[in-house]
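Dear colleague,

I am passing on a structure for your own work, with some notes on its aromatic side chains. Please find the sequence and the coordinates here.

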Amino acid sequence: MRLQFTSLSKSYKGKRVFENISGQVNDGDRIGLIGANGVGKSTLARLLAGIEEGDAGQVTRSPSHMEILYVQQYPEFDEDITVYDAARRTVPDGAADAGAVERALNDVGLDRNKWRQRAQSLSGGEKTKLLLCSALLKDYDLLILDEPTNHLDMESCAWLEEFAARQSKPMLIISHDRYFLDNTANRIWELTPQGLKVYEGNYSAYRDQKEIEQRSVTREYQKQQARIQHLKQVIYERKGWYESAHKSAGQNDFYRSKAKKHAGVLKAKERELARIEAERIDKPRKEVSPAFEVINKGVSGQKLPPYLVKGKGITKAFGQKVLFEDAAFNIKRRDKIALIGQNGTGKTTLLRILCGEDRDYEGSITVNPSVRIGYFAQEFDNLNNDATILDEMLAAGAAVQDARLLLAGLLFRGDDVFKKIGNLSMGEKGRAAFAKLILSGANLLVLDEPTNHMDIGSREKMEEVLDEFEGSIIFVTHDRYFIKRLANRIFVIEDNRLQCYDGGYEYYQSKLREKRAKERTGADYRVLMDDIRRLECRLAFLGGRLNETVDEDEKEQLNREYLEIARLLNRYRESLKGRC
């Protein structure tokens with residue numbers, strides 16, 4: 001299979017989306033398509049899928065009858081169609097048999113009790129899963145997924161990664177989920193206003209290559225600038241020499257020859273300068289620092305207690321539905337806590353209780369008097385749509401210089417700060433609301449889905465700010481990359497209980513694997529772990545003896561035992577891994 005596109009251009013109502021971009025998809029490709037919001041990622045996908053036509057350029061498919069399955073970003077279903085019938089109709093003429101449809105629904109995680117529901121009544125994540133049934137029921141050559149992790153909780157995102165890994169056909173995935181791209185993509189397409197660029201590897205490999213590329217461009221720019229300045233200086237000096245020599249020459253052949261030589265060198269240098277100017281490297285945009293002093297102006301030098309917040313016996317229910325009960329937790333100085341759990345488990349509710357927005361609960365929350373809480377709600381309630389971005393920052397009590405410095409670090413540069421809040425995109429509103437929160441002087445940030453609606457560049461700028469923030473943070477997000485970078489503790493709401501893990505995301509993952517292994521192994525788990533520890537100790541002892549002994553016979557015997565123990569230990573570990 002091969003899909004190739006050359007010199008593609010597309011506009012809507014006279015506004016250019018992109019122009020003259022080329023690329024290709026081959027067998028084995030798992031391509032992650034990234035770029036800023038509005039750059040044309042979905043448009044490109046729809047052109048490749050044959051849903052829309054470009055203004056110029058060509059898409060070539062081999063074989064020509066190639067089947068492309070496009071799973072759109074915003075699922076739409078007929079008003080009264082059931083979940084089961086929607087899955088069945090993904091195959092032309094309803095050709096899928098009942099058993100295949102049932103298997104597909106079960107595979108994507110839509111249980112039988114949902115099959116007779118109206119498809120429109122499903123959650124956003126469930127609608128995405130329903131669309132993915134088509135990947136199990138239809139035969140296709142290329143699968144295109146447009147923002148598939150939107151609306152999915154972390155468990156569903158992990159399921160989708162496994163789903164993608166099982167697919168043998170090439171894939172094109174549009175996503176802002178960097179963790180998902182790390183685990184699924186083997187090539188990254190970056191779409192920018194300047195065109196489409198291809199990078200080998202997953203998202204993290206792309207980031208490494210971009211940093212190297214940026215340093216290289218900066219060096220080349222500086223080298224070119226130095227050459228331009230040198231040529232300008234030479235030309236200036238040669239002009240002076242030429243004018244002087246020309247005046248002195250008169251009818252003297254020697255001086256006339258010398259003046260002519262100066263003129264020749266001058267023209268050569270001017271031609272070289274013109275060529276370099278024509279191939280001028282644009283000045284690399286300097287990354288603006290998130291401004292450490294501004295970020296921590298409200299927290300630097302504060303003497304805060306070890307524990308800022310203590311919660312005890314917190315129980316919350318809506319009628320007969322219990323979200324969580326008898327929850328106990330604390331928030332310490334410098335904590336950066338990720339609150340995770342499936343959709344509907346009560347994460348936002350717990351944040352609202354913590355902030356005093358919801359007082360209808362059992363139990364107690366104790367907040368130290370020195371704590372100033374700043375709350376970031378998904379609805380951006382703290383923004384005035386009639387104000388400019390800069391005015392909103394000043395309303396939070398910030399100085400103009402501090403506000404502009406922080407805003408620049410969050411991608412609001414130059415005259416951007418004078419945009420009206422009401423005219424911003426949802427992602428821009430998120431960045432503005434976040435900047436206002438930082439400038440408010442809060443020393444405990446409570447963030448509810450802060451990266452929603454944001455492209456990758458915006459998410460990374462927010463991460464930089466939060467990484468430097470010296471106060472405490474508790475945040476809800478489905479962005480696992482974001483969690484992995486920032487969190488030093490993980491809180492999980494599961495089965496109506498709050499579990500607290502004193503470690504980052506990888507520590508939490510290891511504990512989760514251990515828990516699953518215990519559940520699947522049962523009573524044998526402790527025996528298996530004891531055997532593994534015993535073998536590890538024996539292996540360490542043998543390794544030490546091998547380093548010490550000089551007797552060849554003893555060394556040979558020790559080496560045989562070492563290899564035997566190592567093989568046995570590896571089998572035990574593989575057995576444990578298989579139960580995770």
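The notes below cover the ring pairs and the charges placed over rings.

Please keep in mind that this is a predicted model, in which local features need pLDDT of at least 70 and side-chain atom pairs count only at pLDDT 80 or more, while totals for chains, interfaces and linings use all residues. Residues are numbered from 1 along each chain as its sequence is written, and side-chain values use heavy atoms, with hydrogens and water left out.

Rings of Phe, Tyr and Trp (its six-membered ring) are paired if their centres lie within 6.5 Å, planes under 30 degrees apart being stacked, over 60 edge-to-face and the rest tilted; by this rule there are twelve aromatic pairs. One of them is the tilted pair of Tyr 84 and Trp 115, at 6.1 Å centre to centre with 40° between the planes.

Tyr 203 is buried, with a relative accessible area of 1%. Tyr 179, Tyr 501, Tyr 505 and Tyr 508 form one aromatic cluster.

As for charges over rings (NZ of Lys or CZ of Arg within 6 Å of the ring centre and within 35 degrees of the ring normal), the charged end of Arg 116 sits over Tyr 84, 5.1 Å from the ring centre, and Lys 310 lies over the face of Tyr 307, at 5.0 Å from the ring centre.

Best regards

Notes. Buried means under 20% relative accessible area, exposed over 50%, partly exposed in between (1.4 Å probe, protein chains only).
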